[in-house]
Structures are given as C-alpha cells and as structure tokens.
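User: I would like to go through this model with you, one topic at a time. Could you take my questions as they come?

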Amino acid sequence: MDFVTGATGIVGRELVALLLESGSQVKALRRESSDVKSVEQFITSRGVSLDNLSWVLGDTRDFDEIEEAMKGCSRVFHLAALVSFSPSDGEILNEINVGGTKNVVNVMLESGVKDLYYISSVAALGLDFKKPVNEETPWEDGPLVNHYSRSKHHSELEVWRGSEEGLNVVILNPSVIIGEGDFSRSSGQFFSQIHSGLPVYPAGANGFVSARDVASACVALSTTEIKDQRFLLNSTNSSFKDLFDSIARTVKATPPTKPVKGWMINIAVAMFKLKQVFTGTKSPASKTSMSMSQFVTEYDGSKIVRSLSEAGVKWDYEDLEEAIERTGKAYLASLAASS
C-alpha cells in the first residue's frame with residue numbers, strides 16, 4: 001500500500017489518480033479542513049475507481065498521528081507542504097515543511113518502511129542567472145532567499161539524513177507547477193487574478209512544469225531501481241509575459257499589458273502590510289519573491305528523461321500549453337459551479 005501526504009494538493013490529486021490507475025492501494029493523509037470531495041470528483045472524472053483509496057485523518061506535525069496513519073504501507077510519497085511567501089510565515093513554514101518531513105522520515109525509520117519519494121522545489125536549489133539551474137547547483141543563503149526556500153532546503157536535509165540511516169530516497173525539485181486545484185493559492189492565483197483583470201506582469205522569466213508531469217515522474221521513478229538521487233522537473237522556460245498571455249486566452253480574459261517596475265514592488269509591499277494590519281490577511285508575496293520574479297531564471301529538467309530512458313522507461317514532459325489549457329478550463333468550470 002502507498003502512503004501519500006498532501007493528497008489534496010494540485011500534484012497530490014494527480015498522483016493519487018495515477019497510483020490508483022496503476023493498480024496500487026493508496027492511503028491518503030487528510031486534515032479536517034481538506035477538500036476530499038473535489039479530489040474524489042477529479043479522480044472519478046478521469047475514469048478511475050475509488051475502491052482502492054482510503055483517507056486517513058492526520059497532520060504531519062504530529063508524530064503519533066503519522067505513525068498510526070502509515071501502518072500497513074510499504075512506500076511513502078511525501079508531498080504535504082506549505083507554500084507561502086508571506087514574511088510572517090517563517091515559523092509555520094518550519095513547523096510544517098521541516099518538522100513534518102522530519103516526522104515522516106523518523107516514522108519510516110522506526111517502522112521499517114524504506115522507499116520515500118519526496119516532492120521538494122527548485123527553491124531548495126541554488127540560484128544562477130548566467131546558466132540554467134540543474135541538480136548540481138548548490139543552495140546558498142543570501143538576500144534573495146526567502147523563508148520558503150530555507151524551509152525546503154532544511155526539509156531536504158531531513159530526507160538526506162533518512163537516506164544515510166537506511167531509507168531509499170528520491171527527491172524531485174519541480175519548478176513553478178501549473179495544475180488545477182485551489183485557485184486562491186500558489187500558481188492557481190495566476191488564473192484567478194488574470195481572469196479578474198490583472199493589469200501587470202513580472203518582467204522576468206522562470207521555469208514551469210505541469211502537476212501531471214510531477215505526478216507521472218513520481219510513478220515512473222517508483223517502477224525503477226533509481227534511488228538516492230534528485231531530479232529537477234522543468235518542462236518549459238518562459239517569460240511571465242508569455243505565460244500570462246497563454247493563461248488569459250484559456251480563461252477568456254484580457255492579458256496584462258504592463259511590466260512590473262521596481263517602484264511598484266515597494267508600493268505593493270506597503271499595501272500588503274497595511275492590508276494585513278487592518279484585515280489580518282497575510283501577504284501573498286514578499287519583497288524578495290517579487291524581486292525574484294523580475295529576473296530571468298532558467299532550469300534544466302533533462303536529467304530525469306535521460307535517467308528513465310537508461311532504466312528502460314520511456315517518459316517525457318507534456319506540452320505546457322496543454323496543461324495551461326486544461327487548468328484554465330478547470331478554473332472556468334469552478335466559477336460556473338459556484339455561481
């Protein structure tokens with residue numbers, strides 16, 4: 001049986017669907033507030049049966065709950081994490097991302113479950129503005145590193161510790177993930193904000209990959225003997241302008257026309273702070289994360305294609321435009337369903 005944390009996220013729902021489709025039995029971790037219904041609807045819409053899926057209540061921050069939840073499982077896909085660029089979320093990022101991963105690793109070591117597939121992020125890799133970032137680009141702290149990046153780096157240290165103590169681990173570092181799910185968070189906000197009439201776009205460029213690719217990479221790797229390696233997942237390097245234009249087409253909106261300027265970032269940071277003071281709403285971004293989106297950062301996601309080919313598995317990335325189109329349709333459908 002496979003144990004999946006973060007099963008209700010944009011990658012988690014794709015992964016659970018693929019594992020069930022492959023014939024696996026899946027035990028999926030959920031919290032009290034998890035939107036299980038939408039995940040099950042997503043899975044059944046793919047023509048996949050829910051017969052081999054069981055949900056278990058728990059929080060990765062609670063060792064005892066994870067220990068109980070993992071009973072009877074032979075593989076772990078650890079996806080649960082908090083993605084936040086709010087400057088006030090440093091402590092909870094450490095609790096969930098670092099502490100939660102530490103608990104998963106320790107439960108596995110104590111229970112004898114050996115195989116761990118961990119979804120990290122390119123944020124846990126280093127920065128390089130002169131050449132594409134790859135698996136060997138070393139992480140270094142600095143003024144352009146945010147709390148989220150630090151939490152993912154330290155989470156990886158827990159996973160590598162597990163490797164040293166006997167676990168078989170694979171770490172996947174996806175770039176910005178495009179996929180359907182909660183359109184009020186992470187990259188989902190691109191679709192909701194552009195549909196609402198976002199007038200500006202970041203001046204830089206970044207790497208992007210579909211949630212379906214991240215999930216299928218997990219499943220493909222789990223069929224091989226590949227262990228104790230990391231794989232950067234990135235299908236496309238694109239300017240934010242081109243990405244936002246594509247999203248605007250799919251959600252039938254006018255694309256942003258003005259690039260973000262440096263002075264706009266300072267104003268946005270001030271407005272986010274005021275909003276948090278008066279409404280309690282946390283900032284969706286920090287000055288660091290907004291500044292990073294002004295740079296051109298490229299990623300090399302070719303290693304996984306080569307490694308799987310060498311292992312006898314044919315695998316490649318899907319066209320990102322297909323993922324954008326699919327996600328845009330899901331966003332419009334979510335609006336229709338809520339109206």
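User: How many bridges join β4 to β5, and do the strands run parallel or antiparallel?

Analyst: This is a predicted model. In it, strand β4, residues 75-78, is joined to β5 by four bridges, and the two run parallel.

User: Which residue of β5 is the bridge partner of His78?

Analyst: The partner of His78 is Tyr118.

User: And how does β5 pair with β6?

Analyst: β5 and β6 are paired in the parallel sense, over five bridges. Within that pairing, Val170 of β6 stands opposite Tyr117.

User: Switching to helices. How many residues of α1 are buried?

Analyst: Nine of the ten residues of α1, which spans 12-21, are buried, so the helix is largely enclosed by the rest of the structure. The buried residues are Gly12, Arg13, Glu14, Leu15, Val16, Ala17, Leu18, Leu19 and Leu20.

User: What covers them?

Analyst: The cover of the buried residues of α1 includes the strands β1 (2-5), β2 (26-30), β3 (53-57) and β4, together with the helices α2 (36-45) and α7 (211-222).

User: What follows α1?

Analyst: Gly23 follows α1, and its phi is positive, near 100 degrees.

User: Which residues other than glycine have a positive phi?

Analyst: Ser186 is one of them, with phi near 45 degrees. Asp228 is another non-glycine residue with a positive phi, of about 55 degrees.

User: Where do they sit?

Analyst: Ser186 lies in the loop between β7 (176-178) and α6 (188-195). Asp228 belongs to the loop between α7 and β10 (229-233).

User: How accessible are they?

Analyst: Ser186 has a relative accessible area of 36% and is therefore partly exposed. Asp228, at 38% relative accessibility, also counts as partly exposed.

User: On to α12. Where does Gly328 stand, buried or exposed?

Analyst: Gly328, which is placed in helix α12, counts as buried because its relative accessibility is 0%.

User: What does Gly328 touch?

Analyst: Leaving aside residues up to four places away in sequence, Gly328 touches Phe191, Thr250 and Val251. The C-alpha atoms of Gly328 and Val251 are 5.4 Å apart in space, while the two residues are 77 apart in sequence.

User: And Glu322, which helix is that in?

Analyst: Glu322 is also in α12, which covers residues 320-338. Its relative accessibility is 47%, so Glu322 counts as partly exposed. Between Glu322 and Ile226 there are 29 Å, C-alpha to C-alpha, for a separation of 96 residues in sequence.

User: What about Asp64, buried or exposed?

Analyst: Asp64, a residue of helix α3 (63-69), counts as exposed, given its 54% relative accessibility. Asn103 is 39 residues from Asp64 along the chain, and their C-alpha atoms are separated by 9.0 Å.

User: Now the whole protein. How many helices and strands are there?

Analyst: The protein has twelve helices and twelve strands.

User: What does the radius of gyration say about the overall form?

Analyst: The protein has a radius of gyration of 19 Å, which agrees with the value near 20 Å that a compact globule of 339 residues would have. Along the principal axes, the C-alpha atoms fill a box of roughly 55 × 45 × 45 Å.

User: What share of the residues is buried?

Analyst: Of the 339 residues, 52% count as buried.

Note on methods. Residues numbered from 1 in each chain as written. Predicted model: local features only at pLDDT ≥ 70, side-chain atom pairs only at ≥ 80, totals over all residues. Heavy atoms only, no water. Rg over C-alpha atoms; globule rule 2.2 N^0.38 Å. Buried < 20%, exposed > 50% of the residue type's maximum accessible area, 1.4 Å probe, protein only. Pairing = 2+ DSSP bridges. Contact = heavy atoms within 4.5 Å.
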